[in-house]
Amino acid sequence: MPRTNADHEFMTRALALAERGLYTSTPNPRVGCVVVKNGAVVGSGWHEAAGGPHAEVNALREAGARAKGATLYVTLEPCSHHGRTPPCADAVIEAGVARVVAAMQDPNPVVSGSGFERLRGKGIDVAQGLMQDEARELNIGYATRMARGRPWVRMKVASTLDGRTALANGRSQWITGEASRRDGHHFRARACAVLTGIGTVMDDDPELNVRYVETPRQPLKVLVDSNLQVPEGARILAGGPVLIAAAREDKAKADALRARGAEVLVLPNPHGKVELPELMRELGRRGINEVHVEAGTRLNGSLLREGCVDELLLYFAPSLIGDTGQGMFRLPELTDLAQRIKLSIRDVSRIGEDIRIIARL
């Protein structure tokens, strides 16, 4: 069936509803749904939290008997399997919906087209692909975890215009302005985990939580600390779950950290450092969709070198430090410009007095 302006309008509404689950739906996808009868919305809903009703169920409950013969707009293929809740495809069928317009197919191999097949098998007209790019962007972490077994990794860096993130002595608070810090907390809040390195903890003693954005949950804090150097009084260990990735066993220190509520995971690579790709796979196994990195030049460089970064979130302040300051990424010396890491610029925005660039590898 041809797509109409009304289809775009109602799918836009469904996407706006899906975004309401930006901070809460993890590890599940962010999904919105509207039920339309005779050109009017008769039911709407979104997936608020794992274990709770899915978007379709919430929308159909609101629509009630009016769902019979209606069109259902949903940002993700209705599920066809029993998880924490029954299949949404069955709820759509039982409600008597005549047409389903879905933005994207569910990348979860347990579903991946079977929801659409079940609907079509019951005579429901199914159209898919409307505003698919927008739906995928909203769920880029979920899609990445399903396709690659690891989260979408977004690396945030705040620097001067000459690319310096700290003074030579490690001090970096504050290079960018308050508006940028608030904006950065939006990205922290949408992430399932915030990751940093021991260098940042020793230099800045960050809390690494979400403060500038109202959120009902705090992301998991992940610390890469090869030699378990983190002080037992470090602020990162307070207020919320912490996962520490180490490269060697140290039972006494690990026990002390566990007493503070942290989990210690030993993942060594052949060089005595943390095996970063395996850490990302482990986070994927734990249902982590998006990782927000706020680390120093060494860990930033290691994550880039080992193929663990998908997106850069760069804030540039209108100031200069000079060559004595610390850089953004410690990378091997290049001998040819063809060896450069190439990026695709996705967005350039003014945030207060600073410039924000979003780029993808």
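Which residues have the most contacts inside the largest nonpolar core? In this predicted model, where local features need pLDDT of at least 70 and side-chain atom pairs count only at pLDDT 80 or more, totals for chains, interfaces and linings still use all residues. Numbering starts from 1 along each chain as its sequence is written, and side-chain values use heavy atoms, with hydrogens and water left out.

The answer is M11, V35, L72, V92 and V100, in a core of 37 residues. A nonpolar core here is a set of buried Ala, Val, Leu, Ile, Met, Phe, Trp, Tyr and Cys residues joined through side-chain atoms within 4.5 Å; buried means under 20% relative accessible area, exposed over 50%, and partly exposed in between (1.4 Å probe, protein chains only). Two or more residues each come from α1 (5-18), β1 (32-37), α2 (55-63), β3 (71-76), α3 (88-95), β4 (99-104) and α4 (114-121), with helices (H or I, at least four residues) and strands (E, at least two) taken as DSSP runs numbered from the N terminus. Apart from this core lies another, of 34 residues, including V222, V224, L299 and V309.

Beyond its neighbours within four places in sequence, A89 is in contact with P78, C79, G115, R118 and L119. A89 and E56 sit 33 residues apart in sequence but 8.7 Å apart in space, C-alpha to C-alpha.

Note on methods
Contact means heavy atoms within 4.5 Å.
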